[in-house]
Amino acid sequence: MSSFVEIKTSVADILGIANRLRVNGQSMRTAMDGKLGAITGLEAAPGTLPRDEFTEEFLKTYHKSVEVPGGGGQQMNEAVKATVPKLGEAMDKLGAYVADAMWSYTGTDDDNATDIDRAGGRH
């Protein structure tokens with residue numbers, strides 16, 4: 001089964017976007033690793049947050065149990081820390097997928113153009 005694909009920009013533009021997705025995803029993953037370590041350190045340090053009614057309400061939400069993929073529950077702060085690095089990884093994978101798809105599209109399009117030229121007697 002085939003599908004018609006219409007690209008209203010250049011393949012180079014799409015490849016550029018895909019590459020930027022990958023670079024930004026890799027950068028995000030690296031940056032978040034350090035930031036998440038700092039957050040974990042602050043969470044464990046005594047006196048990071050003042051003890052007042054505002055902090056107590058904040059911590060109720062911060063430590064609230066949320067459902068996580070695969071079932072079960074986890075504290076919200078831990079769920080966020082587990083998920084954020086995966087966002088950069090997902091951006092990297094999406095960029096790679098788009099780039100691979102565009103190279104495949106270009107190769108198929110070139111092959112089809114050659115077949116059409118041959119069928120029309122241009123060679």
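The largest nonpolar core is made up of 5 residues, namely Ile 14, Leu 15, Ala 18, Ala 99 and Met 102, where a nonpolar core is a set of buried Ala, Val, Leu, Ile, Met, Phe, Trp, Tyr and Cys residues joined through side-chain atoms within 4.5 Å. Helices H1 and H3 (76-119) each supply at least two residues of this core, and H1 gives the most, with 3 residues. The model is a predicted one, in which local features need pLDDT of at least 70 and side-chain atom pairs count only at pLDDT 80 or more, while totals for chains, interfaces and linings use all residues. Residues are numbered from 1 along each chain as its sequence is written, and side-chain values use heavy atoms, with hydrogens and water left out.

- Helix H1 covers residues 11-44, and its 34 residues reach 49 Å from the first C-alpha to the last, close to the 50 Å expected at 1.5 Å a residue; the expected span is 1.5 Å times one less than the number of residues.
- Helices here are DSSP runs (H or I, at least four residues), numbered from the N terminus.
- Within H1, the residues Ile 14, Leu 15, Ala 18, Gly 25, Met 32 and Leu 36 are buried, where buried means under 20% relative accessible area, exposed over 50% and partly exposed in between, with a 1.4 Å probe and protein chains only.
- Ala 99 touches Leu 15 and Ala 18, leaving aside residues up to four places away in sequence; contact means heavy atoms within 4.5 Å.

- Asp 92 lies in helix H3 and counts as buried because its relative accessibility is 16%.
- Not counting residues up to four places away in sequence, Asp 92 touches Leu 21, Arg 22, Gly 25 and Gln 26.
- Val 11, which is found in helix H1, is partly exposed, with a relative accessible area of 22%.
- The contacts of Val 11, not counting residues up to four places away in sequence, are Met 102, Tyr 105 and Thr 106.
- Glu 89 also belongs to helix H3, and at 27% relative accessibility Glu 89 counts as partly exposed.
- Computed C-alpha to C-alpha in the sense of a computed distance, Glu 89 and Arg 22 are 8.5 Å apart in space and 67 residues apart in sequence, whereas Val 11 and Glu 89 are 24 Å apart in space and 78 residues apart in sequence.

**The segment before H1**

- Glu 6 lies in the segment before H1 and is exposed, with a relative accessible area of 54%.
- The C-alpha atoms of Glu 6 and Glu 43 are separated by 51 Å, the two residues being 37 residues apart along the chain.

**The largest pocket**

- About 260 Å³ of space lies in the largest pocket, and its lining of 13 residues includes Leu 42, Glu 43, Thr 48, Leu 49 and Leu 59, which lie nearest its centre.
- H1 and helix H2 (53-62) each supply at least two residues of this lining.

Conventions
1 Å grid on protein atoms, 1.4 Å probe; cavity = no way out; pocket = protein on both sides within 12 Å on 5 of 7 lines; lining within 4 Å. Points joined across faces, edges and corners; volume = space filled by probe spheres on them.
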